[in-house]
Amino acid sequence: MKHASKRLTQKSMRHRLILSMGAGFLAILTVICIGLWGYAQQAANESFDRLLHGAALAILERANLASGEVRVDIPYSAFEILGLAKEDRVFYRIFTRDNETITASHDLRPKANYKPSERPVYWDDAFSGESVRFMQQARFLTGDDRSVWVIVQFGQTCIARHDMIADLFWRGFAVALFITVVGLMFVWIAINRALNPLIDVEQNLRQRDISDFTPLPVSPPREVASLVLSINGFISRLKNNLDHSQIFIADVTHQIRTALSALQGQLELASKEQAPQSLKNRIEKAERQNRQTIHLTNQLLAHAMVIHRADQKIVSDIHLADLLKTVLQTLLREHVKSDIDFSVNIAPEIENGGKDADVIAGDSISIREAISNVIDNAIKHGPANNRIDISLSEKTLNLRGRQRKQLILQVDDAGPGIPEERRAKVLERFYTTGTGIDSSGLGLSIVDEVMRSHKAQLRLGNSALGGLSVKMIFTRKMTGMPT
């Protein structure tokens with residue numbers, strides 16, 4: 001329930017996409033609104049400025065210079081034009097360049113630093129407590145003895161102008177908002193259609209039986225295909241892992257049950273013996289069977305550990321020579337009183353080749369278990385006066401134009417060896433050529449699992465000592481960095 005509630009509180013991909021698209025649409029709508037506001041102001045100013053310009057032209061056309069005096073006959077049409085903005089007040093003043101007022105409705109201030117021109121000039125200013133749009137335009141009059149600039153100045157309040165700006169803006173905003181909402185609806189539909197393959201995957205995984213390992217029956221688009229392929233690959237690996245686990249559990253159950261049954265049988269027979277010597281023999285057999293069961297259990301646990309660590313893909317830099325020395329120290333302490341002759345040879349180019357000369361990539365615990373099993377196998381299957389030669393050497397290969405180095409760990413013994421036709425068989429679990437109490441049939445199987453998980457090679461052959469030769473070959477780059 002805790003994980004389910006956490007999943008529900010997390011934002012879905014659909015919500016993230018719609019929020020991202022909504023933010024994008026909001027940004028676009030904001031830019032559109034800024035543009036609409038500027039356009040509305042420009043359109044309103046151009047419309048009402050034409051009214052002021054038309055009125056000024058009408059007045060200037062009726063201005064003339066007679067007997068040295070400026071006369072202006074203000075036409076009614078000039079104010080009729082300005083009357084189109086019914087709610088606005090109009091102020092005017094007609095004056096000369098020398099600031100001599102000819103006629104005026106109010107004492108208006110001319111534009112600062114104004115140079116008379118027949119082109120209109122517009123500006124905004126405050127007048128009589130209101131926001132007013134002003135314009136000035138001039139005409140050059142010439143008479144017999146005098147020339148003069150006549151300037152017309154108009155001021156108009158901005159009520160109609162602001163109403164037009166608001167009307168244009170809100171109409172445009174309504175259209176933009178409608179397009180945004182419709183666009184978001186189409187985006188929502190498109191997102192749902194795009195997420196349908198993921199929804200199908202979710203429903204299929206949620207509804208399928210726990211024992212159903214068939215691939216997902218989904219034909220996804222290219223963007224989702226890699227995800228579906230990865231899920232199908234994971235399902236396939238999970239099925240293989242489960243199959244191997246089931247087989248391993250069945251084998252383990254059989255082996256443990258058989259060993260415990262044999263031990264139980266020996267103990268039951270011992271309990272019925274009356275003669276001291278016969279009782280002693282039965283107890284010795286039970287003890288041997290107990291040691292065999294303990295050894296088998298340890299090997300089973302080691303095998304399970306190796307498989308688990310291989311699935312976890314635990315990788316680190318390993319100094320193979322140092323790891324070999326650590327294993328040998330442990331084994332030599334256990335067999336210090338035996339007649340086994342151990343010989344260890346580490347190539348000089350590895351021993352004296354620097355700190356990276358023996359580095360490989362892998363799981364040190366698994367590789368240590370593999371080395372221990374190879375040497376332990378040579379000890380247990382050899383004679384009492386066995387000889388075991390252990391060597392670590394280096395070999396350079398040229399693969400497709402690239403040089404690679406191999407570290408070869410070889411273990412030779414003087415035991416009975418393994419016939420060539422049975423060498424593939426001994427790598428299977430619980431198959432053994434020995435008859436001793438310590439023959440569990442898992443030693444070389446563990447080694448094979450470790451080699452395959454590290455993409456290394458395991459080779460079985462004939463030893464120069466007459467027994468078995470086991471080679472573990474690890475490939476790495478020339479730079480000293482493990483592959």
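The cut-off I used: a side-chain nitrogen of Lys or Arg within 4 Å of a carboxyl oxygen of Asp or Glu. D73 sits in the loop between β2 (69–72) and α3 (76–82), and R62 in the loop between α2 (13–61) and β1 (63–66), so the pair ties together parts eleven residues apart in sequence. Helices (H or I, at least four residues) and strands (E, at least two) are DSSP runs, numbered from the N terminus.

The model is predicted: local features need pLDDT of at least 70, side-chain atom pairs count only at pLDDT 80 or more, and totals for chains, interfaces and linings use all residues. Residues are numbered from 1 along each chain as its sequence is written, and side-chain values use heavy atoms, with hydrogens and water left out.

I then checked accessibility. Buried is under 20% relative accessible area, exposed is over 50%, and partly exposed is in between (1.4 Å probe, protein chains only). D73 is partly exposed at 43%, and R62 is partly exposed at 39%.

Next I took R109, which forms a salt bridge with D125, with closest N and O atoms 3.5 Å apart. This pair links distant parts of the chain: R109 is in the loop between β4 (101–104) and β5 (121–127), and D125 is in strand β5, 16 residues apart. R109 is exposed at 56%; D125 is partly exposed at 33%.

R452 and D448 also pair, at 3.2 Å from N to O. They lie four residues apart in helix α10 (residues 443–453), about one helical turn. D448 is buried at 16%.

Last, I searched the whole structure and got twelve salt bridges. D49, D124, R133 and R161 are linked in a network of them.
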